[in-house]
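Please look through the sequence and the structure shown here before reading on.

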Amino acid sequence: MRPTLPHWSGTLAAKAAAFITVMCCALAALLGVLVHVQVTNQTVGQARDQALQRLTQATERYEAGDSLKRGAGVDPEGLPRPLRTLAVGGDRGTMVADFQGRPMMWAAGPADGDRALAVAVDYSQQARTIQGLDRAILWSSGLAIGATLLVGAFAVTRVTRRLHTTARVARRISAGDLDARVNDPRTDPATKAPARPQDEVAAVAAALDSMASSLQGKLLAEQRFTADVAHELRTPLTGLHAAAELLPPSRPTELVRDRVAALRTLTEDLLEISRLDTGRERLELDTELLGPLAQRVVRGAGSDTEVRVVRDVAVETDRRRLERVLGNLVANAHKHGRGPVALTVDGPVVTVRDHGDGFPEYLLAHGPQRFRTEGGAKGHGLGLTIALGQAEVLGARLEFGNAPEGGAVAILRLAAE
């Protein structure tokens, strides 16, 4: 099983920071090792050559019977045992070892009998040089890693900030704000500098802006078409309604009047939706008590709906729009659900509940969609769409759900005074 990573490890900035850190450490370690090995080999080599040269001079003086200089002797004190064994065996060699608290470079060769002739060269200066070099490598590596991380973090942050801006604009577009644009300076021909070519992030931003502009154009064209059709139908429908009223009473006349009334209602709904789509609706605010308002809505609907006022409250709202929302919710409950239907006022929360089959899955997942119904239900799917649009104009939140024991539940949450 793969290990569970922390939440922050999934971000681009964290991954980039980890990658830069690992690469900087690896590069610093590699360069440090190479420099250390090269300088150490050179320093040790020079000290070894010096020790062997002094051993040669000491050997010549020993064979000539002259006295040995200081630092040379036969089986001197402090001579490392491995080096003495090598010399007694007839070979010459060198070795670094501490003597009296100081590092020494020893060189030894065979003497007469089972003895070894050895010289010692002070290795303190060379050891301090290597230690200073190691400290310099560590400090310079740390500074280089820190500087690289700062520069890398700055560069990555700029990229991730632009990506977050693009994602934020995409979410605004998804929420319905079709005027939102990234406007990355690298995508604007008027501001793009020749030294700053368009990169991948700018290409994504440009594609998002282009998509939003195209989507906005198509939606505006659809809204204009809907509004134009509704307006063009209004005049002939008014005449048709007047003509239907002049027909003699009969069953066919009732059918004609019923269909004309349905067509007029559909036209008015389309006009209302087109106005909501433009986003230019203006509120006429006033203070209203929710309990009496809910009772008026139920009386006006002429339906058998129980009104329960758990806790009445005054809200500042547009009475006409709020009545439209509640009226559509009650009408939808009677049209597509089953009784009993109840409208409950509990403070600034109004709930409309029926005991039918509940809202369909698509509506719970994506909200009401115009001209879409399921299960053979009659209607155009505009009532809930209008209710949701008017609720947004009011600044309220309309939620749809199904009760555990069955039935559709619509909850309207208003802001209390």
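In which sense do β3 and strand β4 pair, and over how many bridges? Strand β4, which covers residues 116-122, pairs with β3 in the antiparallel sense, and seven bridges join the two strands. The model discussed here is a predicted one, and the points below place this pair in its surroundings.

**The sheet**
- Four strands, in the order β1-β4-β3-β2, form an open sheet in which the pairing is antiparallel.
- At the edges of this sheet lie β1 (72-74) and β2, each of which pairs on one side only.
- On average, neighbouring strands of the sheet are turned by 30 degrees against each other, if direction is ignored.
- Helix α2, made of residues 81-88, packs on the sheet and touches β2, β3 and β4, while its direction makes about 15 degrees with that of β3.

**Partners of β3**
- Towards β4, the residue M104 has D122 as its bridge partner.
- Strand β2 (residues 93-99) also pairs with β3 (residues 102-110) in the antiparallel sense, again over seven bridges, and here V96 stands opposite M105 of β3.
- The hairpin of β2 and β3 has two residues between the strands, and in this hairpin Q100 takes a positive phi near 55 degrees.

**The whole chain**
- The protein chain has nine helices and eleven strands, and 34% of its 417 residues are buried.
- Among the contacts in the chain with a separation of 6 or more, 62% are between residues 24 or more positions apart.
- The accessible surface of the chain comes to about 25,500 Å², and carbon and sulfur atoms account for 57% of this surface.

Definitions and conventions
Residues are numbered from 1 along each chain as its sequence is written. This is a predicted model: local features need pLDDT of at least 70, side-chain atom pairs count only at pLDDT 80 or more; totals for chains, interfaces and linings use all residues. Side-chain values use heavy atoms; hydrogens and water are left out. Two strands pair if DSSP finds at least two bridges between them. Axes are lines fitted to C-alpha atoms, for helices over the stretch in contact, and angles run from 0 to 180 degrees between N-to-C directions. Contact means heavy atoms within 4.5 Å. Buried means under 20% relative accessible area, exposed over 50%, partly exposed in between (1.4 Å probe, protein chains only). Accessible areas come from the Shrake-Rupley method with a 1.4 Å probe; for residues, only the protein chains shown count as cover.
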